[in-house]
Amino acid sequence: MQRKAYVPGIAALLAALLAGCTGGSANNGTAADPKPGDVSANTPAAQPGKYRTLPEACAAVSHDSLDSLLPGIKQITDQNQRDKAYEGQATLTYDTDRRVGCGWKVDSTDATDHLSVDFERVVSYDNAVSDDSRAQDIYATEETAANLPEPSASATPSDTGSATATPSPTPSTPASSGTSSASASTSAGASETPADLQPRKLSGLGDEAFLDDKLNSASSTAQQRTVTVVFRTSNVIVRIEYAEQPTASTGTPDSKEMQDKARNLAQKLVDRFNG
């Protein structure tokens with residue numbers, strides 16, 4: 001009898017089982033190791049911003065603030081027209097969760113006043129960059145573009161030069177728009193403007209803020225002043241633009257008064273976000 005005929009079959013079966021076990025162990029050992037460049041495995045996602053929504057822009061400014069910034073509203077005798085003036089005009093945007101704005105324009109017996117507010121909620125789409133960091137970058141770009149002048153040693157808050165008699169410096173105006181004599185006049189104006197009225201960074205207003213102040217010729221005789229306040233609170237950037245053009249051809253808007261009004265509004269908006 002030949003009893004060894006079954007031995008090759010058993011040996012082949014054992015070899016196949018051993019090969020399967022060895023292959024499974026090798027696969028399990030490599031699958032658990034993350035790839036060195038796998039950000040999702042090694043780096044936690046950046047934190048989202050504090051704010052997930054934005055306020056309704058036209059309702060963000062109180063009637064009391066509008067009465068102060070736009071004195072012509074109280075001079076409107078028709079109640080329906082006055083109510084419409086308070087409502088303002090919403091800025092057209094395509095994503096109100098990301099950006100909203102509102103504008104007002106009111107005439108009075110002394111001047112025409114313009115006010116606009118803009119709210120931008122910054123969202124970073126980079127897992128390695130937080131919403132706050134992205135908002136800081138956007139704010140820094142705007143502050144740099146404003147080209148704020150360095151504080152002058154000769155111009156201090158105690159200076160008593162008239163803010164209405166001397167235009168505030170307009171550092172962001174392109175050099176090509178004026179002659180050398182105009183540039184000299186601007187430099188002289190900057191040196192005579194009190195330091196606390198020059199375009200500058202602001203402290204105590206949100207996380208960071210700056211103010212710009214420009215006096216431009218709206219026509220051959222009228223002077224229009226525009227005060228801009230921009231501040232950032234967490235991942236939201238708020239922009240306020242307040243402009244006034246006097247009715248009288250010889251009138252010049254008061255820098256300190258306009259800056260105070262714009263800063264008061266900015267503080268109220270900061271409080272609204274933090275409330």
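Three aromatic pairs were counted in this predicted model. Such pairs are described by the distance of the ring centres and the angle of the ring planes. In the pair of Tyr51 and Phe273, the ring centres lie 5.2 Å apart and the planes meet at 70°, and the pair is therefore edge-to-face, the class for angles over 60 degrees. Tyr51 belongs to the loop between helix H2 (39–42) and helix H3 (63–69), whereas Phe273 belongs to helix H7 (residues 255–274), so the pair ties together parts that are 222 residues apart in sequence. Tyr51 and Phe273 are both buried. Together with Phe119, these two residues form one aromatic cluster.

Another pair consists of Tyr139 and Phe210, with ring centres 5.8 Å apart and planes at 55°, so this pair is tilted. Tyr139 is in helix H5 (residues 131–146) and Phe210 is in strand E5 (residues 208–217); the pair therefore ties together parts that are 71 residues apart in sequence. Tyr139 counts as buried because its relative accessibility is 1%, under the cut-off of 20%. Phe210 is also buried, with a relative accessible area of 3%.

Helix H5, which holds Tyr139, has 16 residues, and at 1.5 Å a residue these should span 22 Å. The C-alpha atoms at the ends of H5 are 23 Å apart, which agrees with that expectation. The buried residues of H5 are Asp131, Ala135, Ile138, Tyr139, Glu143 and Ala146. These residues cover an arc of only 135° around the axis, and so they sit on the same side of H5. In an α-helix there are 3.6 residues a turn, so residues three or four places apart point the same way. Thr141, Thr144 and Ala145, on the other side of H5, are exposed.

Just after H5, Asn147 takes a positive phi of about 50°. Most residues other than glycine have a negative phi. Asn147 is placed in the loop between H5 and helix H6 (180–192) and is partly exposed, with a relative accessible area of 41%. A positive phi, near 55°, is also found at Ser234, again a residue other than glycine. Ser234 lies in the loop between strand E6 (223–233) and strand E7 (236–246). With a relative accessibility of 7%, Ser234 counts as buried.

Glu120 is located in strand E3 (residues 111–121). Its relative accessibility is 13%, and Glu120 therefore counts as buried, the cut-off being 20%. Leaving aside residues up to four places away in sequence, Glu120 touches Leu54, Arg98, Arg99, Ile138, Asn235, Val236, Ile237 and Arg239. One of these residues, Ile138, is among the buried residues of H5. Leu54 is 66 residues from Glu120 in sequence, while the C-alpha atoms of the two are 7.9 Å apart in space. The side chains of Glu120 and Arg239 are joined by a polar contact of 2.7 Å.

The mean pLDDT is 79, and 67% of the residues reach 70 or more. Residues 1–6 have a pLDDT below 50, and this stretch has zero contacts in the model beyond near neighbours in sequence. Over residues 154–191 the pLDDT likewise stays under 50, but for this stretch the model has 51 contacts beyond four places in sequence.

Definitions and conventions: Residues are numbered from 1 along each chain as its sequence is written. This is a predicted model: local features need pLDDT of at least 70, side-chain atom pairs count only at pLDDT 80 or more; totals for chains, interfaces and linings use all residues. Side-chain values use heavy atoms; hydrogens and water are left out. pLDDT is the predictor's confidence in each residue, from 0 to 100. Contact means heavy atoms within 4.5 Å. Rings of Phe, Tyr and Trp (its six-membered ring) pair if their centres lie within 6.5 Å; planes under 30 degrees apart count as stacked, over 60 as edge-to-face and the rest as tilted. Helices (H or I, at least four residues) and strands (E, at least two) are DSSP runs, numbered from the N terminus. Buried means under 20% relative accessible area, exposed over 50%, partly exposed in between (1.4 Å probe, protein chains only). The expected span of a helix is 1.5 Å times one less than its number of residues. The arc is that of the directions from the helix axis to the C-beta atoms. A polar contact is a pair of N or O atoms within 3.5 Å; within protein, one must be able to donate a hydrogen and the other to accept it, and residues adjacent in sequence count only if both atoms are side-chain atoms.
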